[in-house]
Every structure is written in C-alpha cells, then in structure tokens.
Amino acid sequence: MKTPEKYIEIVQRILRFIEQHDHFLLSGHINADGDAIAAVIATHLFLQKLGKSSVMIFHDKKLDQRFDYLEPFKEVENFEDSESRNHRIESAIILDVPGYKRLGDVCKLLPEKEHIVRIDHHPQEDEMGNLEWIDEIASSTTSMVYEIIEKSGVKIDLELAKAIYTGIVYDTGRFSFSNTNARDLYIGSRMVEIGVNPSEISNIIFFENSIDALRTIGKGLYSIKSYLNGAVAVIYLNHEDMKNSNPHEIEELTNYSVAVRGGKIGLFIREVKPDFHKISLRSKCHVDVNKVAKAFNGGGHARAAGCRIAGKRDEVIEKLVKEIEKHLNHN
Ligand SMILES: [Mn+2]
C-alpha cells in the first residue's frame, strides 16, 4: 500500500525541514496520552536513525507509566527537570498538540516559528509553526509520523515498530473507534510483521489494572444514569471513589458511558478535587463533543473530547446535559 497521494507533498516538506536541522525539541500535549507519548518516541527514534539528536520534554510532572515498555520512555523529561539542564533548542517538532494552551510550560522552550513543525489531528486552536501538517481525518498523530518515516526510506526496527503500533492502537481504541481506517490496519499489520506482539501491547495498555481500579470501574458502572430520554448516559465517581485508583486505570469507563443501547452521548465525570470535575465526552451521533467541551473551555475531537468544570455534582451534570441538548436538537 503506497503512501496516500495527498500526503506526499507535506511529508516531503517535513523531511526537508528535518534535513536542515540537527537538534530538535519534541513534545506532545498536557496529560500526555498513548498517542502523544508514542508519536514523540517514534519521532525521537526516527531522528536517531537519521543521525540527528532530540530531547523529549512534556509539561506533565509524571507521565503515564504504562508506556514504559517503549525503550526511550526513560529518557523523556518533564519541563521542570529540563529547565536545569539548559538545553540548547534550535528547532522543534510538536506532536498531537492543537494550540499553545495544550502544550503547557513547554511553550517557554519553543524556538522561532520558522523552526517549528507541527503534526496533529485535532481541530486547530493556534498556528504554532510555519510548517504545519494538520489532518483531522487521521486516526492518530502517530500514524502521521509513520507516513513521514515510510517516505524517508528509513528501516523500521522493532523498537520503532512498537512505538508506532502503540500510538495507533491507543487512539483507535484497539482499531475499533470511528476514526479507524484501512491505513491504520495496514500499518498495524506491517508493525506485527516486524515483530510487534499485539496481545502483549494491548494487555499492558488495557488489561493490567489493580484490583482497586477494577472495583472502582464497578462502582462507576453501577452509577450510570441516563438523561434526555436515554440519549445521554452519565457515569459518575466522587472524590472519595477516585482516591484509591490510578486515573489511567479507570479510563475505560469513558467507553462504557457510550456503550448503552440507544445512547448517543456518554459522559464520564469524576470529581478530581472537591467540587471540581474532570469530564470525558464521547459521541456516536452527529453531536460534535469538541464543541460541547469548548463551551466549558475544553476541547478534543468531534467524537471524543474533555473538559473541567467546577461545582457540585448536580449542577455540573445539569450544565452539561443542557449544553448537549442544544447540540442534539441542532441537526
Ligand atoms: Mn492523538
């Protein structure tokens, strides 16, 4: 399967940019997920193969440790530690980040716009570099990074294949979300040919939870309630429920919120601090949950987004349901 025609020009421009620089800052969005981490690591490994060097820096103090099976994970720095190291940054490749707000403190390290490339698949917020490849149709930023690597002719070894597979399997929900396309399955298959073990990676990312986390998932499932005649389902965990579990281990509840028969939109609401809620939104209808999240200063994609809202449980749910109702009635 050849590189899709529409990608060739931009991919070549990015390869030329890489050729013209030697040292890169690589970063992804705040609260880095499997795609942001994998896209950064895959790019880092790729640059190494080209004889270039790069430093990987994220805003987050602590990254999601599930991804530590990717070899270069231990080299990833957080912004605070990186400050004391005084990195000399001449150029940057920013991955899976739609705008400055989502890059956090790493913004302070950015070079001039002409030395920034950005690769992303979110609806855009800011123009951050002179060279930007934005493809909202792409399932993941990591799949876009794959296209660049593929075009460069660099040989993909097992370490690199693991990173590429990870980003795609994460952002497509194990090749099942509505963003999954033929290209993803093709790339996944190639990575398996190179030696990636799909069940091993899925087990690490999705099926290794503590007993406490699984019990919390049970609590969350038991809390499910529906609104607007079943169109919206809400899963709710209070601050007390959240205390015992690693937040990454209960993420799956977001997918359950939209798994109700006849349901259109799912919300997973957790009280991360007293009277302060983090909300994940999923849609399987025409409603663009990125727009719903935007109403509360959040964002994401049309089918998956997030936001944070202060307030008591009932007010938060009411505000969200009201906002969704507007979008539901608006075809
Ligand atoms: Mn992504």
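Which residues does Leu109 touch, not counting residues up to four places away in sequence?

## Leu109 and its surroundings

Leu109 touches Leu25, Ile57 and Ile89 when residues up to four places away in sequence are not counted, a contact being defined as two C-beta atoms, placed from the backbone, within 7 Å. The model is a predicted one, in which local features need pLDDT of at least 70 and side-chain atom pairs count only at pLDDT 80 or more, while totals for chains, interfaces and linings use all residues. Residues are numbered from 1 along each chain as its sequence is written.

Leu109 lies in the loop between S4 and strand S5 (116–120), where helices (H or I, at least four residues) and strands (E, at least two) are DSSP runs numbered from the N terminus. Leu109 is partly exposed, because 17 other C-beta atoms lie within 10 Å; a residue is buried if 20 or more other C-beta atoms lie within 10 Å of its own, exposed if 12 or fewer, and partly exposed in between, with C-beta atoms placed from the backbone. Leu109 and Glu125 are 16 residues apart in sequence, and their C-alpha atoms are 19 Å apart in space.

## Helix H2

Helix H2 (residues 34–49) has 16 residues and reaches 22 Å from its first C-alpha to its last, close to the 22 Å expected at 1.5 Å a residue, the expected span being 1.5 Å times one less than the number of residues. H2 is mostly covered, with 14 of its 16 residues buried, and the helix is followed by Gly51, whose phi is positive, near 80°.

## Nonpolar cores and Ile164

A nonpolar core is here a set of buried Ala, Val, Leu, Ile, Met, Phe, Trp, Tyr and Cys residues joined through C-beta atoms within 7 Å. The largest such core has 55 residues, of which Ala42, Leu95 and Ile164 touch the most other members; its largest share, ten residues, comes from H2. Apart from this core lies another, of 28 residues, among them Ile217, Ile235, Ile250 and Ala304.

Ile164 is found in helix H5 (residues 158–171) and is buried, because 30 other C-beta atoms lie within 10 Å. Leaving aside its neighbours within four places in sequence, Ile164 is in contact with Ala42, Thr142, Tyr146, Ile187 and Met191. Tyr146 and Ile164 are 18 residues apart in sequence, yet 6.7 Å apart in space from C-alpha to C-alpha.

## Asparagines with positive phi

Asn31, in the loop between strand S1 (23–27) and H2, has a positive phi of about 50° although it is not a glycine. Asn86, in the loop between helix H3 (79–85) and strand S4 (91–95), likewise has a positive phi, near 50°, in a residue other than glycine. Asn31 is partly exposed, because 17 other C-beta atoms lie within 10 Å, whereas Asn86 is exposed, with 7 other C-beta atoms within 10 Å.

## Domain arrangement

The protein is divided into domain 1 (5–205) and domain 2 (212–328), with bounds that come from an automatic or database domain assignment, and the C-alpha centres of the two domains lie 28 Å apart. The contact takes eight residues from domain 1 and seven residues from domain 2.

On the side of domain 1 that touches domain 2, the residues divide into three nonpolar, three polar and two charged. In this division Ala, Val, Leu, Ile, Met, Phe, Trp, Tyr, Cys and Pro count as nonpolar, Asp, Glu, Lys and Arg as charged, and the others, Gly among them, as polar.
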